[in-house]
Amino acid sequence: MRTNEETEKIIDESQQGKTLTLEKNENNNRKLYIESYGCQMNFSDSEIVASILAKEGFNTTQLLEEADLVLVNTCSIREKAETTVRKRLEKFNAVKKTNPGMKVGVLGCMAERLKSKFLEEEKIVDMVVGPDAYKDLPNLIQEIDEGRNAVNVILSKDETYGDVAPVRLNSNGVTAFVSITRGCDNMCTFCVVPFTRGRERSRDPQSILKEVNELWENGFKEITLLGQNVDSYLWYGGGLKKDFEKASDMQKATSVNFAKLLELVAQTQPKMRIRFSTSNPQDMTLDVIESMAKYDNICNYIHLPVQSGSNRILKAMNRLHTREEYFELIDNIRSIIPDCAISQDMITGFPTETEEDHKDTLSLMEYVKYDFGFMFAYSERPGTLAERKMDDDIPEETKKRRLREIIDLQQQHGLFRTQQHVGKVEEVLIEGPSKKSDAHWMGRNSQNTVVVFPKENYKVGDFVNVKINECTSATLIGEAVGLSDNN
């Protein structure tokens, strides 16, 4: 069961603050310590940073005390992430007293928002690098080596890092993330992403296919195409999505949208499992669902954040779809892919939310019966439209009660959905040992549900047919009946 206490969006609590480790290059003589916080985009970005710095003479280290350069890749989505990062920066500065040569830098979304605070007011970092400026790192490092503070938080209209091959860090060697877009044009009033990651731009499909092929050659079996909003992927030779109307007829005729990209990836590696995240209901089109149905290797799972079931609140959030349009999309998914799993993001206690609005959210959940969800109470984020224009007027105890009701309902629906799998034989990709038992493997089925079964003689990376015998509200428990045809 994924609740706001454990996780949100695609923020995996168990990964927060994880340090990266790469293979050592004997010629490199400087040490880099890098920690990541926030969503999967940030962990993916850290891999790009490590790749750029490996060419600049840096090997990664897990020992903070021996680092020449300490980087923290940050997130501005939730207050908790921001508080954690501040505490880490205080710790880094304590270490600096014994290792005065050590330099500290802040990367990512928080960097963009708090640059002057970090550098001038609090003087707690040497370098501030926004999410579009990683290629400038060699110059910025030269600046701090010469004793000057360095900052580059310029948001780019064209940086997609399509030409930087990320170094896979902390990977299970089986699943990987491939970034396909950066930035976001949807100005949801609660969200800080457009201000910290800039305008939306898509990566050249050829560079995506090249990365997918390399991952396959290196033994990876599943990829997730990643973007703040994958459905609005659009490549017509470069340029912002909003400028597409000015493109030439030739550019328009040869353009690649998300449905087409999905097909290209599925055809390129027919045995590679393909997932994607995150979708936006206002941008998801029928052709995407049809592409999913057409290819067996595209998983039957869609993360489809709705945030609220009330039309009035959806409008206040600047979500450009109604409850009715969302239902229509759900109906289309269910009719084209009957066994597709759907998960949600839900915010409760948004400014002005009434009991009536809250009931609309519960009734929307009853209609969809999500497989799982990421649920949290509204917290005001600095720099967002909601923070500037709306009072956070819902009492804390009301938010907590409504959140509890949403979580309880989701747990019922989660159990209802996992029960549908019992008795079936499903293909599972083994990702690693079960957290609870060393005698069991853990993997996921096409619907992204965790499946646990006895190890026997199978190994990580195998596609195994598993008979599902029982379930909890979030996990399927079964036994292997043999390897699938996919190996």
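Axes here are lines fitted to C-alpha atoms, for helices over the stretch in contact, and angles run from 0 to 180 degrees between N-to-C directions. Helices (H or I, at least four residues) and strands (E, at least two) are DSSP runs numbered from the N terminus. The model is a predicted one, in which local features need pLDDT of at least 70 and side-chain atom pairs count only at pLDDT 80 or more, while totals for chains, interfaces and linings use all residues. Residues are numbered from 1 along each chain as its sequence is written, and side-chain values use heavy atoms, leaving out hydrogens and water.

**Exercise 1. Describe how helix H6 packs with helix H8.**

Step 1: Find the geometry. The axes of H6 (residues 205-217) and H8 (residues 258-268) come within 10 Å and cross at roughly 30°.

Step 2: Classify the angle. Angles under 35 degrees count as roughly parallel, over 145 as roughly antiparallel, 65 to 115 as roughly perpendicular and the rest as oblique. H6 and H8 are therefore roughly parallel to each other.

Step 3: List the contacts (heavy atoms within 4.5 Å). From H6, Pro205, Ile208, Leu209, Val212 and Asn213 meet Leu261, Leu264, Val265 and Thr268 of H8.

Step 4: Sort these residues. The contact of H6 with H8 has 7 nonpolar residues, 2 polar and no charged. In this scheme Ala, Val, Leu, Ile, Met, Phe, Trp, Tyr, Cys and Pro are nonpolar, Asp, Glu, Lys and Arg are charged, and the others, Gly among them, are polar.

**Exercise 2. Which residues of H9 are buried, and what do they pack against?**

Step 1: Apply the cut-offs: buried means under 20% relative accessible area, exposed over 50%, and partly exposed in between (1.4 Å probe, protein chains only). In H9 (residues 286-294), Val288, Ile289, Ser291 and Met292 are buried.

Step 2: Look down the axis of H9. The buried residues fall within an arc of 155°, so they line one face of the helix. The arc is that of the directions from the helix axis to the C-beta atoms.

Step 3: Name the partners. The buried residues of H9 pack against H8, strand E16 (273-277), strand E17 (301-303) and helix H11 (323-336).

**Exercise 3. Inspect the backbone at Thr278, Gln307 and Asn318.**

Step 1: Thr278 lies in the loop between E16 and H9, and the peptide bond from Ser277 to Thr278 is cis, with omega near 5°.

Step 2: Gln307, in the loop between E17 and helix H10 (311-316), has a positive phi of about 75° although it is not a glycine. At 3% relative accessibility, Gln307 counts as buried.

Step 3: Asn318, in the loop between H10 and H11, has a positive phi near 60°. At 28% relative accessibility, Asn318 counts as partly exposed.
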